[in-house]
Amino acid sequence: MKALIIGGTSGLGRALAAEFIAAGWETSVTGLREEALKEFSSAFPSARASRLDVSAPEARDAVEALLAGTGGADAVAVCAGLYQDDPGADWAAEEKVIAVNAAGCAAALNAAYSYFRKKGSGRLACVSSIGGVRGNARCPAYNASKAFLFNYLEGLRQNAAQAGAEISVTNIIPAYVGDGRGCGKAMLAAIMKGRRSVYLPGYWRLLAAVYRNLPDLVHEKMASWHYVLLKPFMRRAPRWKQ
Ligand SMILES: NC(=O)c1ccc[n+]([C@@H]2O[C@H](COP(=O)([O-])OP(=O)(O)OC[C@H]3O[C@@H](n4cnc5c(N)ncnc54)[C@H](OP(=O)(O)O)[C@@H]3O)[C@@H](O)[C@H]2O)c1
């Protein structure tokens with residue numbers, strides 16, 4: 001069995017790659033930084049690692065080429081992502097975040113999904129974020145890019161169902177998990193079970209349901225105290241506090 005992980009050299013993607021490798025899958029990953037690629041290759045010599053910037057115009061073609069070059073894949077996970085603290089809603093930061101998290105991840109997902117559609121089966125997964133549930137003052141484009149992924153994955157899932165293809169589409173929704181250590185097993189299990197979504201940690205499914213249904217006025221007012229309110233449920237401090 002073969003797995004391809006886009007953004008698999010660090011954090012959550014790396015934790016997932018380690019689980020695929022431990023389970024005996026032939027695993028390929030992509031990363032962005034040369035030092036991360038080198039470090040990954042020395043830690044996991046059996047895996048292939050190559051550079052890919054999902055925000056580059058040729059990203060979709062590059063994912064297709066990777067799939068062709070490795071003789072295909074049974075599972076593809078898109079774990080690449082960029083967080084930028086952006087309380088000033090600065091367009092330069094927002095544009096970059098949208099290019100990586102929305103357009104870039106969609107290009108990679110689309111290439112993998114199209115491959116699975118032709119094949120008739122496959123396991124597709126993507127790491128979004130709890131931020132996709134609602135907007136946030138600290139990083140408006142980040143949360144919006146993750147909301148885009150929620151919707152895009154849902155569309156691909158419905159598209160697969162309509163086509164009668166055996167393609168599972170798993171939305172992995174982390175909440176304040178830091179470097180992702182300890183998350184790999186839950187991610188792999190969700191992909192193997194073909195789950196539609198998995199929250200990390202799981203109790204965030206309940207918190208998300210409450211948060212999603214808060215009245216708009218309460219949501220606007222809580223911008224300044226939402227960290228204090230959510231702190232007891234955070235495994236790690238939010239990235240802007242690290
Ligand atoms: N950690 C959390 O608490 C948390 C919470 C919610 C959501 N998330 C989401 O989970 C995903 C992974 O986050 P993480 O915390 O594990 O981050 P991370 O450690 O920074 O890992 C991100 C991965 O994506 C790659 N990457 C970054 N920019 C890229 C680009 N333009 N094109 C292709 N690959 C790129 C990185 O490559 P290099 O290794 O070369 O840098 C790395 O492999 C992200 O989508 C993030 O938004 C994380």
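A crossing is left-handed if the near helix is turned anticlockwise from the far one by less than a right angle, and right-handed if clockwise. The structure is a predicted model, in which local features need pLDDT of at least 70 and side-chain atom pairs count only at pLDDT 80 or more, while totals for chains, interfaces and linings use all residues. Residues are numbered from 1 along each chain as its sequence is written.

**Exercise 1. Describe how H1 and H6 cross.**

Step 1. Helices (H or I, at least four residues) and strands (E, at least two) are DSSP runs, numbered from the N terminus. Helix H6 covers residues 184–192.

Step 2. Axes are lines fitted to C-alpha atoms, for helices over the stretch in contact, and angles run from 0 to 180 degrees between N-to-C directions. The axes of H1 and H6 come within 8 Å and cross at roughly 65°.

Step 3. Angles under 35 degrees count as roughly parallel, over 145 as roughly antiparallel, 65 to 115 as roughly perpendicular and the rest as oblique. H1 is therefore roughly perpendicular to H6. The crossing of H1 and H6 is right-handed.

Step 4. Residues are in contact if their C-beta atoms, placed from the backbone, lie within 7 Å. On the H1 side these are Ala15, Leu16, Ala18, Glu19 and Phe20, and they meet Gly184, Lys185, Met187 and Leu188 in H6.

Step 5. Ala, Val, Leu, Ile, Met, Phe, Trp, Tyr, Cys and Pro count as nonpolar, Asp, Glu, Lys and Arg as charged, and the others, Gly among them, as polar. The contact of H1 with H6 then has six nonpolar, one polar and two charged residues.

**Exercise 2. Give the order of the strands in the sheet, and find its edges.**

Step 1. Two strands pair if DSSP finds at least two bridges between them. Strands of a sheet pair through backbone hydrogen bonds, either parallel or antiparallel.

Step 2. Here seven strands form an open sheet with parallel pairing, in the order S3-S2-S1-S4-S5-S6-S7.

Step 3. S3 (48–51) and S7 (197–200) each have a single partner strand, so one side of each is left without a neighbour in the sheet. From one strand to the next, the twist averages 15°.

Step 4. As an example of a pair, S4 (residues 75–78) and S5 (residues 121–127) run parallel and are joined by four bridges. Ala75 stands opposite Arg123 in S5.

Step 5. H1 packs on this sheet, touching S1 (2–6), S2 (26–31), S4, S5 and S6 (166–174). The direction of H1 makes about 165° with that of S2.

**Exercise 3. Describe the packing of H4 against H5 and against H3.**

Step 1. The axes of H4 and H5 (residues 140–163) come within 9 Å and cross at roughly 15°. That angle makes H4 roughly parallel to H5. H4 passes H5 in a right-handed crossing.

Step 2. The contact of H4 with H5 divides into 15 nonpolar, two polar and three charged residues.

Step 3. H3 (residues 59–69) packs on H4 at an angle of about 35°, with the axes 8 Å apart. The crossing of H3 and H4 is right-handed.

Step 4. H3 contributes Ala59, Arg60, Val63, Glu64 and Leu67 to the contact, and H4 contributes Gly104, Ala107, Ala108, Asn110, Ala111, Ala112 and Tyr115. By class, these are eight nonpolar, two polar and two charged.

**Exercise 4. State what surrounds the ligand.**

Step 1. A residue is near a molecule if its C-beta atom, placed from the backbone, lies within 6 Å of it. The ligand has 30 residues around it, and the closest are Gly7, Ser10, Gly11, Gly81 and Ser129.

Step 2. The elements that give two or more residues to this shell are H1 (11–22) and H4 (91–119). H1 supplies the largest share, three residues.

Step 3. The shell holds 15 nonpolar, 13 polar and two charged residues.

**Exercise 5. Locate the backbone exceptions at Ala89 and Pro201.**

Step 1. Most residues other than glycine have a negative phi, and most peptide bonds are trans.

Step 2. Ala89 is not a glycine, yet has a positive phi of about 50°. Ala89 is found in the loop between S4 and H4.

Step 3. Leu200 and Pro201 are joined by a cis peptide bond, with omega about -10°. Pro201 is in the loop between S7 and H7 (204–212).

Notes. Two residues are in contact if their C-beta atoms, placed from the backbone, lie within 7 Å.
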